[in-house]
Amino acid sequence: MYKSPFGIFRHHLIKWSLLCCIAVIVFQCKNKPRIGLPSGDPDNGGLILPGDFEAVVVADSLGRARHIAVNDNGDIYVKLVYNDIMKGRGGTVALRDADNDGKADIIAYFGDYKDEGGLPVGMVIYNGYLYTSTLRQVLRNKLKAGQLIPDSRTEIILTDEDEYIERHWHTAKPMAFDKHGHMYVPFGAPTDAAQDVQKAGPGGMPGGKGLDPAPDLQWHGGIWRFDADKEGQTQKDGYKYSTGIRSVLGVAWNPNDDCLYAVMNGIDNFHTRYPDLFTSWQAAVLPSEPLLKVTEGSDFGWPYAYFDHMLGKNMLQPGYGGDGKIVGRAAKFDIPVMGFPGHWAPMELLFYQGNQFPERYKKGVFIAFHGSTDRAPYPQAGYIVCFAPFENGKPTGKWEVFADGFTGIDTVVNTSDALYRPMGLAEGPDGSLYISESNKGKIWRVMYKGNKAQFGEAQLVAMEARKSRSYIKTPDEVKDNLGKGGEMHGNMLYNVYCTSCHQRDGRGDNNRYPPLLGSEWVSGNRERLIKIVLHGLQGEIQVNGKTYNGVMPAHGDFLDDYAVASILTFINKRFNQKDSAFTYEEIQKVRGTK
């Protein structure tokens with residue numbers, strides 16, 4: 001990983017470009033002592049924060065950043081999803097603010113490991129070591145005083161030997177460490193809802209049933225405990241600490257109660273998969289993204305159960321006979337300590353321990369929400385950093401908007417509309433809070449400069465009002481329905497109803513069934529395309545100069561307007577490279593119901 005340290009430097013980020021030079025570096029000088037806090041940016045770098053908080057942009061455009069860690073001397077380390085410029089290498093970014101103005105003066109990309117596929121996350125400093133995760137491994141390097149890029153030997157602490165890891169879902173490996181020398185690593189479920197992956201793929205299929213018992217739970221869907229210092233471990237060397245957990249990217253040890261906590265990403269596509277049982281509104285807000293207090297032997301019920309934060313209890317998953325009302329066997333599983341709205345995509349937890357912020361922030365947890373991808377036809381939601389207060393060691397059940405302004409727009413119709421997507425959280429040695437985002441790789445440092453004793457409800461009023469934003473509030477079932485197809489839903493439906501003829505890549509079978517990729521039938525008249533999906537098509541047609549004579553069956557009898565709009569939205573974007581979504585109104589007009 002770091003046998004041959006190298007980096008891309010940038011001095012004075014605003015003045016120099018990303019690729020000003022590539023050089024071998026071992027930076028040995030010690031930092032200057034920090035004197036006070038730097039000034040915040042006039043606009044807080046675009047963030048909206050509670051009263052008397054300020055933010056300064058430490059760096060901008062690092063690349064697709066994920067988790068983040070800050071060393072005792074203030075050096076910052078960031079894990080990229082993938083270093084596009086270096087084609088997967090140099091996926092760790094080191095930053096140093098040498099003159100204490102809040103801006104990174106030195107930025108270096110390093111690491112001779114190579115990232116591959118998936119969404120590798122994991123960047124933690126523990127006992128003087130920098131722990132980094134890739135798709136398959138957890139690595140660590142000893143950090144030396146004053147040295148920005150470690151030149152110590154890379155230790156391979158854990159290797160995931162799953163032979164199907166590249167095609168499985170939820171392969172991220174965030175890490176948490178307790179006070180007793182243990183490392184905790186989630187092994188996410190390879191599927192969404194435990195349907196037969198050989199028949200339905202990891203996303204499942206409409207009406208599909210979950211396997212019972214779910215084979216995914218043997219080596220996935222849980223959190224394993226390992227020795228934090230032992231090299232050469234595999235999953236078989238670990239201890240299965242907790243189970244029934246679908247996907248975790250945010251996991252942290254709470255020193256206040258000496259316990260592990262995690263935020264789980266819930267199951268997707270309830271309406272697409274079970275349209276007779278769940279409305280599109282229910283699918284937008286359910287299931288909850290729960291905060292879990294993870295104790296030894298706990299079982300949170302995936303895939304048999306999901307948490308409904310509005311009802312405050314576990315419910316039977318529809319793939320096992322649930323309908324949104326039945327509890328059944330879900331009653332036997334552990335209850336999350338708190339639930340957040342569905343699909344907000346929690347990415348990171350932080351239990352604040354510093355002395356810079358008001359005391360209230362030591363009693364609770366910060367959570368970064370990456371933002372949803374599959375709430376259509378309702379606005380996408382999340383895209384904030386929130387704070388959940390604790391009382392007597394437990395969440396109060398309430399949550400506060402702590403940092404907003406990431407989206408840059410009022411309504412997020414598609415995930416790509418959001419300017420930034422908050423991802424990682426880390427605490428600096430002076431108690432500053434660092435936030436990373438994954439679209440461009442922007443890093444903020446949040447500071448408090450007010451009177452801590454006077455901080456209270458008055459400073460939170462404006463943040464409470466932010467909850468009326470379309471990407472934060474619970475959507476109105478009628479008024480907030482945007483009436484547009486959803487690309488993610490369309491992807492699932494396409495895989496079920498369209499791939500057998502047009503193939504997954506949209507190129508057809510080169511015989512009876514025509515390609516959709518580059519087809520004038522897709523890029524042409526929208527009404528004609530809708531008619532084909534609703535009513536089918538027979539007889540010879542010309543596509544890209546070639547004659548086809550297959551039969552396109554009618555889908556209008558069993559696909560509703562939302563489903564048809566979603567399939568066509570997916571096809572239009574994937575194979576025609578157009579972002580314009582198909583609407584309910586267009587489908588209804590052609591169907592004759594408008």
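Which residues does Phe 340 touch, not counting residues up to four places away in sequence? In this predicted model, the list runs to Ser 288, Glu 289, Leu 291, His 309, Ile 367, Phe 369, Cys 386, Ala 388 and Trp 399.

Some of those names turn up again in the largest nonpolar core, a set of 26 residues. Phe 340 is among the members that touch the most other members, together with Leu 291, Leu 349, Val 365, Ile 367, Ile 384 and Trp 399. As for the elements behind this core, two or more residues each come from β18 (259–264), β22 (338–340), β24 (364–369) and β25 (385–391). Another core lies apart from it, with 25 residues that include Ala 55, Leu 425, Phe 455 and Leu 460. In soluble globular proteins, nonpolar side chains tend to be buried together.

Glutamates get buried here too. Glu 400 sits in strand β27 (residues 400–403) and counts as buried because its relative accessibility is 13%, against a cut-off of under 20%. Setting aside neighbours within four places in sequence, Glu 400 is in contact with Arg 360, Val 385, Cys 386, Phe 387, Pro 389, Leu 460 and Lys 467.

Then there's Glu 155, found in strand β11 (residues 155–159). At 9% relative accessibility, Glu 155 also counts as buried. With neighbours within four places in sequence left out, its contacts are Tyr 129, Val 138, Leu 139, Arg 140 and Glu 231. With Arg 140 there is a polar contact, side chain to side chain, at 2.8 Å. Asp 229 is 74 residues away from Glu 155 in sequence, yet their C-alpha atoms are 9.3 Å apart in space.

Note on methods: Residues numbered from 1 in each chain as written. Predicted model: local features only at pLDDT ≥ 70, side-chain atom pairs only at ≥ 80, totals over all residues. Heavy atoms only, no water. Helix = DSSP H or I, 4+ residues; strand = E, 2+ residues; numbered from the N terminus. Buried < 20%, exposed > 50% of the residue type's maximum accessible area, 1.4 Å probe, protein only. Contact = heavy atoms within 4.5 Å. Polar contact = N/O pair within 3.5 Å; in protein donor to acceptor, adjacent residues only side chain to side chain. Core = buried A, V, L, I, M, F, W, Y, C linked by side-chain atoms within 4.5 Å.
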